[in-house]
Amino acid sequence: MTDQALDPYAALQDKEPPKAPRSQWKDVWDQFKRHKGALFGGGFLMFITLAVILGPYVWQVDPQKLDIRNKDMRPIYVALWDGSAKVGWFRPLGTDNLGRCIMANLIAGGRASMAVGWAAMLLALIIGTTIGVLAGYFKKLDFWLMRFTDLVLSLPILPLLLVAVTLFREPLRQNFGPEGGMFILIVTVVGLTSWMQTARIVRGDILALKEREFILAARSIGTTSGKIIRRHLLPNVISPIMVSATLGLATAIITESALSFLGVGFPSDFPTWGKLLADAVQRMEQYPERVVLPGILISLTVLGVNYLGDGLRDALDPRIRGR
Amino acid sequence: MSLKTVLMGAVAATALAPAAFAERGSDGALRIIYWQAPSTMNPFLSGGTKEIEASSMVIEPLTRFDETGAIQPWLVEEIPTVENGGISEDLTTITWKLTPGILWSDGTAFTSADVKFTYEYCTHPEAGCAQITKFEGISSIETPDDLTVVITFDAPTPYPFAAFGGAESPIIQAAQFADCIGPAAPTCTEQNFNPIGTGAFVVTDFRPNDVITLEANPNYRDPAKPAFASINFKGGGDAIGAARAVLETGEFDYAWNLQVAPDVLAEMEGSGRGELMTSFGPSVERIMLNNTNPDPALGPDERAVIRPHPFLQDPAVYNAMSLAVDRVLLAEIGYGAGGQVTCNWVPAPAAYNSDTFTCDTQDIDAANAMLDEAGIVDTDGDGVREKDGVPLSILFQTSTNSIRQDYQALIKEWWSQIGIETELRNIDASVFFGGDAGSPDTFQRFYADVEMYTNTFSGTDPQAYLANMLCDKAPSPSSQWQGENISRFCMKEYDALWNTLAQTSDLDERASIGRQLNDMAVSNGAMIPLTHRGDISAKATSLEGVRMNSWDSELWNIADWSRSE
Amino acid sequence: MLTFTIRRLFLSIPTLILISLAIFMLLQLAPGDPMAQVPLTVPPEVKERMRAALGLGQPPLVQYWKWLVQFFWIEPQVLIDHWFGTSFAEGKQRVISWQTRSPVMDIVVQRIPQTLWVVGLSYIVGILIALPIGIYSAYKQYSVFDQSGTFITMIGFSIPPFFTGPLLIVIFSVQLGWLPSIYDTTHVVRDWASFKVQFMQMVMPVMVLALQTTAQISRYMRSSMLDNLNQDYVRTARAKGLREGVVVMVHVLRNSMIPVVTVIALGVPAIFGGAIITENVFKVNGIGQLLLTALFASDLPMVMTLTFIFAILIVLFNLIADVLYGVLDPRIRYD
């Protein structure tokens, strides 16, 4: 019956079978693919993350194992120009001054650095977005939340970080072990001190979006506030959020290395990229690879994250997309 | 003889014998770098080594220790003894005769009143003086005339040289510090930063934790000294930067306390601009063995208080633990030229160094055999031995420091080879050594089975240091966890022998008792000594007259330093 | 605008008091002990007496009140005395550092010259390098210059100064012997020769720090330029026949500078905070090194005062940034 009723409109139908509608995410992906740097950055980040997660299962050497007989070995590639160098395939990247395997240390260090980076970034993201959205959407909360943001913004970060580390290291250590405690501390401190920019940007965007017609429309058909935020507002502010997320990850890795250098980071028997680099600086003339390898890894990760952020911003912004 | 010839002769004379005609300030500026920067010039208010060292260029004690640890008269005519009548027969008074003619840097005379004032300054109950122990046991100080100081003790004191001896106990000027007694001491910034002294140099500009500028003291007692006109005493940075500034770039002449990996230092010394110097005081890196039970299941008043430890006091256990350690390797990787193997708690001065034990060879097999023989074997097959059913699982704590963590890792490995399981723990140094009675992580609390740190004593007399193993010095809740007997060692024979030491004045006899006390503590499971730690400093090759000293300030004879060229 | 500024100034007073209380309470929780660096040869009971002499036994609120009075009432009097030769602060207890037993503010004042010389100058150098890089990279987006600029600035951002510092020292001080590796804070610039010495000792720390500034500011400059280059007014300007140079350097640049100027203003307090790591590597001994040594020595009055001074500067420059924003962009109105 309905078929017949629709029949008069058959002339209006397309001759060809209808194409699947292009999803928003496909558009995003198409744009993202065109950004070579972003592809490289994302790919590298994925590779590094996988390598540090799976690495210990493939390269089963204990990073803390001391082996005095095989100390100060050079990476295998040194043999290319220096036949007399102490090298060996069982320690492809050499060993340190106490015979610890550098490859195993880089993998273990990467695990710690990446974990700190991701966790601190997620924490900052969640806090920043929540506060930004709440302040932008609910007028009553705006004043107080923004004053609070100002207060945190005006706290001096690095000094406070040092203070916090010296203060809470011991209690956390007792409850979560030396590594666990330090991890929680660094992640919390970096996370808690880097959400303010996100919050400010998100709030600004939400304030502007709130007055737009589509939100008015949504509200007039009785959509609840929670739903408006989730369905209509968040997708529209995802681009600034992504950018601050990528920067957050890089900042967390760098902050951790600075703390390690000052001797207030992870315990001395727990490698991170920053700490491997800091420990190797004094022997950089004799064993340049010990600074170069962790240095390259940190740089490439930060670079990768940054390109990824660039690409994501371009891809997620409908105004730039397709340009 | 023409004028020209006279002039030529004079030129020749100065050219031929520069040393004989050395004159004050002729060698220009001396540049010293201490990577830990001094925060005050008053050692009584700080107690830190860096402040004691810096102040030793300006203020001086009555006697100093030379590089062999022997007492040298400094501002006095001679060292008092019972023979020369300077020390009374009953060992209760000592009479110092000050050298006449010594002037303070402001030109006024140095008198016995200054010495007495220093005593009053430091022993004031509200001053918070860091060196008050130097004046312990003194009942009064009399000054019969300007150049005589009579110190009376309340009991016979066989070693009466602690007061006003060594860089920790210098003399400050009464006139300058008169208003700084007691609670006012910390407020006298001007005095604390620019003390008037009898030393070779005078502070011209003091910048706390940064740099001190000094110039030659115009009123110094030897008119030909010091050879340097001024000193730039830089602080800050890290040990490696300080080492580089002397050994590689030659920007500085002297760098102190180079706690840098031995291979890095050796590489730097290869540049040929400077040389390393080491000297050894009594510092020993050791593992303390807990003689009480640190089981967390015990209550707060019993944990680390009640004896005995479930297994650590068995001679087979601690001897095997000691035997399994390769001390030569530890000293080499940890301290290089600044470390020597030692089996003793008191390895210096030489007279006190016992030769009873040898411990420079590691023997895992012998250690295993020792434990097997004692019936401490692995009964349940988990690779860990048991004594009376208690597994030999050890919690090993120390302060956070990369060398200590390397030590820990190596020792854990060796102990695992003799069936002892070790859990490692490191605690931030400011907490570990902080002495906070409320913290469970201080080295005094000793909530662990073994712990590692370095201890030493100042001066050359170990009597007070040997008192650290007396039964009643054990920390406990009733003493607010204060007390020096960290391992809670307790032996009646030891206490008795120490009392004999306290009443003996003959130096050879004292040394002999000291060695016996050392042997008793080490062989009865108080500690496992590991490394005798020395001090490493670097000097430019052109710097002469440096006599590296671990018993006093390293700058003790700075008046004699000069530049060759 | 004026009312806005005044209102914000008044609002910042309770904020600052709150911050000071927060910092103080945080420090009270510190497990560190100011006597921890005193050697083990000094017995515990002596250390206990030394602690009492520092006033450690008092209840925290009493200590906080004392600090407030000293910082907000007595220290300004000292300043007035210093300027006008009066004697208001005569005999009054100032904020005293536990390490040195001397007034905290005196040491801070002593440290400011080298901090400004090195950190301040590096900020200016960094900005001067960053702006052209940012402008040109945005103008030629995705060109070789843009790509390599991004690459180099990002490497500069990600390589920590504790590596670049010693690397420069090894190259320029040890191998080549051109530059001093240790900064002399007592050096006074009097004439051309002494200026040259000052210049030589500043080159390396300034460059290490400028690298970080350059990386950040050039990123901001680039993205701000990019936002503006696609605006309609640029098309209009080109359409009416303005030369490309005028379009970019006058129209686009002026509008793009608005966010960049605020970012620059927000970074100024960090100059006074010093650069903890770089100061340490080159022994510049500025404010950063002061804070670090005070932290390690548990010198609470010093840490408290320094962090609070930073907080004041941050609040102040936040305000300046907001006001600047309004001045530069007439579309923004505060009311």
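**Chat about the model**

Modeller: Let's begin with chain B of this predicted model. Of the contacts in chain B between residues at least 6 apart in sequence, 67% join residues at least 24 apart.

Biologist: Nice. How many helices and strands does the secondary structure of chain B come to?

Modeller: The count for chain B is 16 helices and 20 strands.

Biologist: And what does chain B span along its principal axes?

Modeller: The C-alpha trace of chain B spans about 100 × 55 × 45 Å.

Biologist: What percentage of chain B is made up of buried residues?

Modeller: Buried residues account for 53% of the 565 residues in chain B.

Biologist: Switching to chain A now. How do helices H4 and H12 of chain A pack?

Modeller: H4 of chain A (residues 102–137) and H12 of chain A (residues 288–316) pack at an angle of about 30°, and their axes are 11 Å apart. Angles under 35 degrees count as roughly parallel, so H4(A) and H12(A) are roughly parallel to each other. The crossing of H4(A) past H12(A) is right-handed.

Biologist: Which residues meet there?

Modeller: From H4(A), Ile102(A), Leu106(A), Gly109(A) and Gly110(A) meet Arg290(A), Leu293(A), Pro294(A) and Leu297(A) of H12(A). The residues of this contact divide into 5 nonpolar, 2 polar and 1 charged.

Biologist: While we're on H4 of chain A, is Ala120(A) buried or exposed?

Modeller: Ala120(A) lies in helix H4 of chain A. Ala120(A) is buried because 27 other C-beta atoms lie within 10 Å, and the cut-off for buried is 20 or more.

Biologist: What is Ala120(A) in contact with, leaving aside its neighbours within four places in sequence?

Modeller: Ala120(A) is in contact with Val187(A), Val190(A), Gly191(A), Gly248(A) and Ala252(A). The C-alpha atoms of Ala120(A) and Trp195(A) are separated by 9.8 Å, and these two residues are 75 residues apart along the chain.

Biologist: Last topic, chain C. Are H4(C) and H9(C) roughly parallel or antiparallel?

Modeller: The axes of H4 (residues 104–139) and H9 (residues 244–272) of chain C come within 11 Å and cross at roughly 155°. H4(C) and H9(C) are therefore roughly antiparallel to each other. H4(C) passes H9(C) in a right-handed crossing.

Biologist: And which residues meet in that pair?

Modeller: Among them are Thr115(C), Val119(C) and Gly120(C) in H4(C), and Val248(C), Leu253(C) and Ile264(C) in H9(C). The residues of the contact of H4(C) with H9(C) divide into 10 nonpolar, 3 polar and no charged.

Key: Residues are numbered from 1 along each chain as its sequence is written. Chains are lettered from A and ligands numbered from 1 in the order in which they are written. This is a predicted model: local features need pLDDT of at least 70, side-chain atom pairs count only at pLDDT 80 or more; totals for chains, interfaces and linings use all residues. Axes are lines fitted to C-alpha atoms, for helices over the stretch in contact, and angles run from 0 to 180 degrees between N-to-C directions. Helices (H or I, at least four residues) and strands (E, at least two) are DSSP runs, numbered from the N terminus. Angles under 35 degrees count as roughly parallel, over 145 as roughly antiparallel, 65 to 115 as roughly perpendicular and the rest as oblique. A crossing is left-handed if the near helix is turned anticlockwise from the far one by less than a right angle, and right-handed if clockwise. Two residues are in contact if their C-beta atoms, placed from the backbone, lie within 7 Å. Ala, Val, Leu, Ile, Met, Phe, Trp, Tyr, Cys and Pro count as nonpolar, Asp, Glu, Lys and Arg as charged, and the others, Gly among them, as polar. A residue is buried if 20 or more other C-beta atoms lie within 10 Å of its own, exposed if 12 or fewer, and partly exposed in between; C-beta atoms are placed from the backbone.
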